[in-house]
Amino acid sequence: MNTTFAPIASHTPDAAGGRDIVARTRGRTHGPVTRVFSPGDIGQLVKPFVFLDHFDFTPGAPGFPMHPHSGIATVSVLLSGAFSYEDTTGASGVLGPGGVEWMQAGNGVWHVGDPVGAEKLTGYQVWVALPRERENGVAQSQYVAPEDVPDTGAARVILGSHGGAHSTVLAPAGMNLLHVRLADGQTWRYQPPAGHTVAWTHVRQGSLMVADQTLTNELAVFSESEAALEFIALGDAEFIFGSAVKHPHELVMGSYSVHTSPEALARGETEIRRIGKQLRDQGRI
């Protein structure tokens, strides 16, 4: 989790008087997973979003083995394929293309996800740093079926609210995560809610023009502001976009955890070890 790399830095003024691009990166790819950013690098700029993976598993490949988290929520956005899931809150099942997993780790949880079926499994996993009142709380999970993810125009609302549509995910207030598809030449304008000074996007397919720059298969971080952003598709394009009120705390990191203080991290890691012992005693890890 603590992998660091040098982002493709830029400071590109928007000629229209809007926001700048302050960092860009394509991340690092290892097998089926591209680590776009982590808490130790760009996650510092866009917290509460502290981690982003893009995954692309061939049918039959092993997925994510049983592993722990604390202090964060993980958000898995499936774009194609399906995965089987199980977590230590007691939930298990299969989530199909277009579905969303919300795993609020709180004080500690373990979970697993594996590709199933004959279709390639692609999507994103985002980690969100939780506020202090939730970081050591009870673990909670939600698995949202594709038909229950609301949309408004070109955007599907994964977290938060946009354009009158509201996600059913019980995420903390002050953050939006959207999955957007645009046809060639289509324009999409985003006006952040009050206080949402953090904004970033990752282009998965096609190219986008924003802030007088072209983005292709990469992440861009925008300068902190409440100014609107305008995206123009150069060819058919698909991307995710996040905005938020900035997380006000330092990021205190463990191997699978992000907390706001060493004390909170210690509580979370203690609970992770306790659950891990139970799983080993049961022969599940």
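This is a predicted model: local features need pLDDT of at least 70, side-chain atom pairs count only at pLDDT 80 or more; totals for chains, interfaces and linings use all residues.

Student: What classes of residue does the lining of the largest cavity have?

Tutor: The lining has 5 nonpolar, 5 polar and 1 charged residues.

Student: Which strands supply at least two residues each to the lining?

Tutor: β6, β11 and β12 (121-129) each do that. The largest share comes from β11, with 3 residues of the lining.

Student: OK, let's look at β11 then. Which sheet is β11 part of, and in what order do the strands come?

Tutor: β11 belongs to an open sheet of 4 strands, in the order β6-β11-β8-β9, with antiparallel pairing. At the edges are β6 (64-69) and β9 (92-95), each of which pairs on one side only. From one strand to the next, the twist averages 20°.

Student: Which helix packs on that sheet?

Tutor: That's α3 (residues 262-281), which touches β6 and β11. The direction of α3 makes about 55° with that of β11.

Student: Back to the strands: how many bridges are there between β8 and β11?

Tutor: 6 bridges, between β8 (residues 82-87) and β11 (residues 109-116), in the antiparallel sense. To find your place in that pair, look at D87, which stands opposite H111 in β11.

Student: What do strands of a sheet use to pair, in general?

Tutor: Backbone hydrogen bonds, in either a parallel or an antiparallel arrangement.

Student: Now the sheet with β12. What's the strand order there?

Tutor: That open sheet has 7 strands, β3-β4-β5-β12-β7-β10-β13, and the pairing is antiparallel. β3 (28-30) and β13 (140-144) stand at the edges with a single partner strand each, so one side of each has no neighbour in the sheet. Neighbouring strands here are turned by 15° against each other on average, ignoring direction.

Student: Is β7 mostly covered or mostly open?

Tutor: Mostly covered: in β7 (residues 72-80), 9 of its 9 residues are buried. β7 pairs with β12 in the antiparallel sense over 8 bridges, and V75 has V126 as its bridge partner in β12.

Student: How many bridges join β7 to β10?

Tutor: 5 bridges, and β7 and β10 (residues 100-104) run antiparallel. The bridge partner of S76 in β10 is E101.

Student: Switching to backbone geometry. Which peptide bond is cis?

Tutor: The one from K47 to P48 is cis, with omega near 20°. P48 is in the loop between α1 (43-46) and β5 (49-57).

Student: And where is A211, the one with phi near 50°?

Tutor: A211 is in the loop between β20 (198-210) and β21 (213-216). A positive phi in a residue other than glycine is what you have there. D212 is found in the loop between β20 and β21 as well, and it too has a positive phi, about 60°, without being a glycine.

Student: Is A211 buried or exposed? And why does D212 count as partly exposed?

Tutor: A211 counts as buried because its relative accessibility is 7%, and buried means under 20%. D212 counts as partly exposed because its value is 43%.

Student: Last one: where does N136 lie, and what does N136 touch?

Tutor: N136 lies in the loop between α2 (132-135) and β13. Leaving out residues up to four places away in sequence, N136 touches G106, N107, H259, A264, R267 and G268. N136 and G71 are 65 residues apart in sequence but 6.2 Å apart in space, C-alpha to C-alpha. With a relative accessible area of 22%, N136 is partly exposed.

Note on methods
Residues are numbered from 1 along each chain as its sequence is written. Side-chain values use heavy atoms; hydrogens and water are left out. Two strands pair if DSSP finds at least two bridges between them. Axes are lines fitted to C-alpha atoms, for helices over the stretch in contact, and angles run from 0 to 180 degrees between N-to-C directions. Contact means heavy atoms within 4.5 Å. Buried means under 20% relative accessible area, exposed over 50%, partly exposed in between (1.4 Å probe, protein chains only). Ala, Val, Leu, Ile, Met, Phe, Trp, Tyr, Cys and Pro count as nonpolar, Asp, Glu, Lys and Arg as charged, and the others, Gly among them, as polar.
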